[in-house]
Amino acid sequence: MELLFDTANIEDIKKYMECYPITGVTSNPSILKSEGKIEFFSHLRKIREIIGMEKTLHVQVIAEDAEGILAEAEAILKNVDEKVFIKVPTTEQGLKAMMILKSKGIGVTATAIYTKIQGFAAIMAGADFIAPYCNRMANLDVDFEETITAFRKMIDENNSKCKILAASFKNIAQVNKSFLAGAHTATIQPTLMHDTFQMAAVTKAVADFKKDWESVHGEVLITDLVK
């Protein structure tokens, strides 16, 4: 299993990557919008500087036609770095661009996936990652768990190197269901992870441990007992 952060917030990336074993960062225009009017390329280079070259960075194109997608991909690779995975919407023009990008050895993340045929086509086109939009699928009464399971079956049976990058979550339950359905990785807002680990039951358990310790040893730490 792998975990990616779905954010472009520099401070959140710095803060939470020290707590969670992430393998990369994803972004899209909606995520970037929440950061205000930033300098696109320099902001992405800063994210790369923080996460390092060993982690994956996924950046989405805006163009809708294959020619425009390829041009934007070239600009991203030139002005950020050549290891960026280009996020391409899984449309007809997107699939055309994916095949060309892969023929050049460029990393591709197929996005905006709502249906099985989109995922199957992206796998066949050579995408490195396919990103089903789980909560959005659920809102359309599409079973994202069954869809992910179908993707995983095809990937495994055909010995594909493609990974299922589950995305678009309303809550942590959807993340868990995605992993259990067969997703290789998930991209999650770090604040969602943070909120999950702040649940009252966990906080109480930690407090109870401390209380029981202090009832025997007083307000001392384990390191204070070293002679």
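Author: Two strands count as paired if DSSP finds at least two bridges between them. Keep that in mind for this model, which is a predicted one.

Reader: Fine. What makes β3 and β4 a pair?

Author: Strand β3 (residues 56-60) and strand β4 are joined by three bridges, and the cut-off asks for at least two, so the two strands pass. They run in the parallel sense. Look across from Gln60 and you'll find Lys87 of β4 standing opposite. On the way from β3 to β4 the chain passes through helix α4 (residues 66-79), and this β-α-β crossover is right-handed.

Reader: And how do you know that β4 pairs with β5?

Author: Try the rule again: β4 and β5 share four bridges, against a requirement of at least two. The two strands are parallel. Lys87 turns up here as well, this time opposite Thr109 in β5. The chain gets from β4 to β5 through α5, again by a right-handed β-α-β crossover.

Reader: Why is β4 described as largely enclosed?

Author: Because five of the five residues of β4 (residues 85-89) are buried. Both faces are covered: Phe85, Lys87 and Pro89 sit on one side, Ile86 and Val88 on the other.

Reader: Zooming out, in what order do the strands close into a barrel?

Author: Eight strands do it, in the order β1-β2-β3-β4-β5-β6-β7-β8, with parallel pairing. From one strand to the next, the twist averages 25°. Strand β2 (residues 22-26) pairs with β3 over three bridges, again in the parallel sense, and Gly24 has Thr56 of β3 as its bridge partner.

Reader: Which helices lie on those strands?

Author: Take α3 (residues 40-51): this helix lies across β2 and β3 and runs at about 160° to β3. Helix α6 packs on the sheet too, touching β5 and β6, with its direction at about 170° to that of β5. The buried residues of α6 (residues 116-124) are Gln118, Gly119, Ala121, Ala122 and Ile123. Those buried residues pack against α5 (92-103), β5, β6 (129-132) and α8 (144-157). After α6 comes Gly126, with a positive phi near 100°.

Reader: Now the rings. Why is the pair Phe40 and Phe41 called edge-to-face?

Author: The structure holds six aromatic pairs. In the pair of Phe40 and Phe41 the ring centres are 5.1 Å apart and the planes stand at 70°. Phe40, at 27% relative accessible area, and Phe41, at 22%, both land between the 20% and 50% cut-offs, so each is partly exposed.

Reader: What makes Tyr114 and Tyr133 an edge-to-face pair?

Author: Their centres are 5.7 Å apart and their planes are at 70°, which puts the pair within 6.5 Å and over 60 degrees. The two tyrosines link distant parts of the chain, 19 residues apart: Tyr114 is in the loop between β5 and α6, Tyr133 in the loop between β6 and α7 (134-139). Tyr114 is partly exposed at 23%, whereas Tyr133 is buried at 11%. Elsewhere, ring pairs link Phe5, Tyr20 and Phe197 into a cluster.

Reader: What is the phi of Asn159?

Author: Most residues other than glycine have a negative phi. Asn159 has a positive one, about 55°, although it is not a glycine. Asn159 lies in the loop between α8 and β7 (163-166). With 69% relative accessible area, against a cut-off of over 50%, Asn159 is exposed. Ser168 also has a positive phi, near 65°, and is found in the loop between β7 and α9 (172-181).

Conventions:
Residues numbered from 1 in each chain as written. Predicted model: local features only at pLDDT ≥ 70, side-chain atom pairs only at ≥ 80, totals over all residues. Heavy atoms only, no water. Buried < 20%, exposed > 50% of the residue type's maximum accessible area, 1.4 Å probe, protein only. Contact = heavy atoms within 4.5 Å. Right-handed = clockwise from strand over helix to strand, strands pointing away. Phe/Tyr/Trp six-rings, centres within 6.5 Å; stacked < 30°, edge-to-face > 60°. Axes fitted to C-alpha atoms, helices over the stretch in contact; angles between N-to-C directions.
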